[in-house]
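Q: I have a model open on my screen and would like to learn how to read it. Could you walk me through its features?

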Amino acid sequence: MIITMTKRLFILMFAVIAFVAPVTPLSMARADDNEPVIVDGRLQGYTDAKGQPVAVQLDPSGTALIWLTTGLLGVIAVGFMFMTSKRTHLD
């Protein structure tokens, strides 16, 4: 009897959570037309020889270094899979 009651309670809790979950404010995705302006302090305050402010831009960066690092760490991780298992920690 207790098992059937716990099953019913679980089904009821699951139904209530499934019904209430889409209404919670954390699950709402809203379009934000007013995107904040991101000010990068590293690019401010540059002047030319005459003392006039100069607009400075950073070159767009790529993701090549991230991919190379991921590949290197992947090779290291796979390399440990093929190590010899003839020795144990008891040697």
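A: Helices (H or I, at least four residues) and strands (E, at least two) are DSSP runs, numbered from the N terminus. The expected span of a helix is 1.5 Å times one less than its number of residues. This is a predicted model, where local features need pLDDT of at least 70, side-chain atom pairs count only at pLDDT 80 or more, and totals for chains, interfaces and linings use all residues. Residues are numbered from 1 along each chain as its sequence is written, and side-chain values use heavy atoms, leaving out hydrogens and water.

Q: How many helices and strands does the chain have?

A: The chain has two helices and zero strands. Helix α1 covers residues 2-20, and its 19 residues should span 27 Å; the end C-alpha atoms are 27 Å apart, so the two values agree.

Q: How many residues of α2 are buried?

A: Buried means under 20% relative accessible area, exposed over 50%, and partly exposed in between (1.4 Å probe, protein chains only). The count of buried residues in α2 is zero, and α1 also has a count of zero. Of the chain's 91 residues, 0% count as buried.

Q: Where does methionine 13 lie, and how is its accessibility classed?

A: Methionine 13 lies in helix α1. It counts as partly exposed because its relative accessibility is 45%.
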